[in-house]
Amino acid sequence: YMQQPTAVFAGKDASRALGKTSTKPEDVQADWSDLDDKEKGVLEDWVTSFSKRYNIVGVVEGATNMDD
């Protein structure tokens with residue numbers, strides 16, 4: 001059995017890693033405030049993609065990067 005590269009995301013907010021298109025453990029964190037404009041666009045594309053496939057059932061407690 002080989003572990004999938006995306007296993008690093010399990011149980012974590014992977015916003016920053018998704019924006020950076022990274023599977024590095026150090027990039028798997030909720031704070032994405034340091035992403036550049038291109039990376040923020042990539043993250044927004046992920047949000048759009050997930051929103052079309054899945055219902056939102058909650059948010060990460062303490063998230064500071066949420067739109068009102």
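Leaving aside neighbours within four places in sequence, S22 is in contact with F9, A17 and D27, where contact means heavy atoms within 4.5 Å. The model is predicted, and local features need pLDDT of at least 70, side-chain atom pairs count only at pLDDT 80 or more, while totals for chains, interfaces and linings use all residues. Residues are numbered from 1 along each chain as its sequence is written, and side-chain values use heavy atoms, with hydrogens and water left out.

**The chain as a whole**

- The protein chain holds 2 helices and 0 strands, these being DSSP runs numbered from the N terminus, with helices of type H or I and at least four residues, and strands of type E and at least two.
- Of the 68 residues in the protein chain, 21% are buried, a term that means under 20% relative accessible area, with exposed meaning over 50% and partly exposed lying in between (1.4 Å probe, protein chains only).
- Among contacts in the protein chain with a separation of 6 or more, 22% come from residues 24 or more positions apart.
- The accessible surface of the protein chain comes to about 5,600 Å², and 52% of this surface belongs to carbon and sulfur atoms; the areas come from the Shrake-Rupley method with a 1.4 Å probe, and for residues only the protein chains shown count as cover.

- S22 lies in the loop between helix 1 (15–20) and helix 2 (37–53), and S22 counts as buried because its relative accessible area is 9%.
- The side chains of S22 and D27 are joined by a polar contact of 2.6 Å, that is, a pair of N or O atoms within 3.5 Å, of which, within protein, one must be able to donate a hydrogen and the other to accept it, residues adjacent in sequence counting only if both atoms are side-chain atoms.
- The S22 side chain also reaches the backbone nitrogen of K24, at 3.0 Å.
- T21 is likewise found in the loop between helix 1 and helix 2, but T21 counts as exposed, at 64% relative accessibility.
- The phi angle of T21 is near 50°, a positive value in a residue other than glycine.

**Aromatic pairs**

- The whole structure contains 2 aromatic pairs, meaning rings of Phe, Tyr and Trp (its six-membered ring) whose centres lie within 6.5 Å, with planes under 30 degrees apart counted as stacked, over 60 as edge-to-face and the rest as tilted.
- F50 and Y54 form a tilted pair, with 6.3 Å centre to centre and 50° between the planes.
- F50 is partly exposed, with a relative accessible area of 32%, whereas Y54 is exposed, at 52%.
- Ring pairs link W46, F50 and Y54 into a cluster.
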